[in-house]
Amino acid sequence: MSFQDENLTFEQLPKAVASLITEVKEMKSLLQNSNQMKVEPADRWFNLQELCDYLPDRPAKQTVYGWIGQHAIPFHKKGKKLQFLKSEIDQWLLADQHQTLVQVRAQARRDFEAKKGGLL
C-alpha cells in the first residue's frame with residue numbers, strides 16, 4: 001500500500017506506520033548485506049596456484065613454469081616467490097589473439113625488409 005501522495009486519515013495511520021517499519025527493515029537488511037559483500041580490488045596479485053585457477057584453460061603448474069622460462073607470460077619474482085599481477089595477465093590474455101592473413105603478410109614484409117638487402 002502506497003501512502004506517498006495521499007492525505008492520511010487517522011484510521012490509515014497504523015497501516016502507514018507498519019508499512020514504513022517494513023520498508024526501513026528491508027533497507028537496513030540491504031545495507032547490511034551490501035556491507036558484508038566482499039569487494040574485489042581492481043588489481044590484485046596471484047600466486048602460481050591462483051593464476052592456474054584464474055586462467056580460462058586451467059593449465060598445469062608445469063605449463064606455466066614453461067611460459068615463465070620462455071618469458072611468454074608476465075610475471076614478477078620476489079626472492080623465490082613468483083607473483084602475477086591480474087591486470088597484466090588480463091592484458092596478456094587479450095593480446096594473445098591470432099593475427100589475420102593481412103597482418104601476417106605485413107609482418108613478414110617488415111621482417112624481410114629489415115634483413116640486409118631484403119627487397120620484394
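The side chains of Arg44 and Glu50 form a salt bridge, with 3.3 Å from N to O, where the term stands for a side-chain nitrogen of Lys or Arg within 4 Å of a carboxyl oxygen of Asp or Glu. The structure is a predicted model, in which local features need pLDDT of at least 70 and side-chain atom pairs count only at pLDDT 80 or more, while totals for chains, interfaces and linings use all residues. Residues are numbered from 1 along each chain as its sequence is written, and side-chain values use heavy atoms, with hydrogens and water left out.

Lys86 and Asp90 both lie in helix H4, four residues apart, which is about one turn of the helix. Lys86 is buried, with a relative accessible area of 19%, whereas Asp90 is partly exposed at 23%.

Seen as a whole, the secondary structure comes to five helices and three strands, and along the sequence the pattern reads α-β-α-α-β-β-α-α.

The three strands form an open sheet in the order E1-E3-E2, with antiparallel pairing. Strand E1 (45-46) and strand E2 (76-78) each have a single partner strand and stand at the edges, so one side of each is left without a neighbour in the sheet. Two strands are taken to pair if DSSP finds at least two bridges between them. Two bridges join E1 to E3, and the bridge partner of Phe46 in E3 is Phe84. Three bridges join E2 to E3 (residues 81-85); among the partners in E3, Lys81 pairs with Lys78 and Gln83 with His76. The hairpin of E2 and E3 has two residues between the strands, and Gly79 in that hairpin takes a positive phi near 65°. Strand E3 is mostly covered, since four of its five residues are buried.

Helix H4 (residues 86-95) lies across E1, E2 and E3, running at about 65° to E3. Axes are lines fitted to C-alpha atoms, for helices over the stretch in contact, and angles run from 0 to 180 degrees between N-to-C directions. Ser87 lies in this helix and is partly exposed, with a relative accessible area of 34%. Ser87 and Arg44 are 43 residues apart in sequence, yet 7.7 Å apart in space, C-alpha to C-alpha.

The largest nonpolar core has twelve residues: Phe46, Leu48, Leu51, Cys52, Leu55, Val64, Ile68, Ile73, Leu82, Phe84, Ile89 and Trp92. The elements that give two or more residues to this core are helix H2 (48-54), helix H3 (61-69), E3 and H4, and H2 gives the most, with three residues. Such a core is a set of buried Ala, Val, Leu, Ile, Met, Phe, Trp, Tyr and Cys residues joined through side-chain atoms within 4.5 Å. In soluble globular proteins, nonpolar side chains tend to be buried together. Leaving aside neighbours within four places in sequence, Ile73 is in contact, meaning heavy atoms within 4.5 Å, with Leu51, Trp67, Ile68, Ile89 and Trp92.

Two loop residues have a positive phi although neither is a glycine. Arg58, with a phi of about 50°, is placed in the loop between H2 and H3 and is exposed, at a relative accessible area of 53%. His71, with a phi of about 55°, is placed in the loop between H3 and E2 and is exposed at 62%.

For the protein overall, buried residues make up 17% of the 120 residues, and residues 24 or more positions apart account for 37% of the contacts with a separation of 6 or more. The protein exposes about 10,300 Å², of which carbon and sulfur atoms supply 56%, with areas taken from the Shrake-Rupley method and a 1.4 Å probe.

Notes:
Buried < 20%, exposed > 50% of the residue type's maximum accessible area, 1.4 Å probe, protein only.
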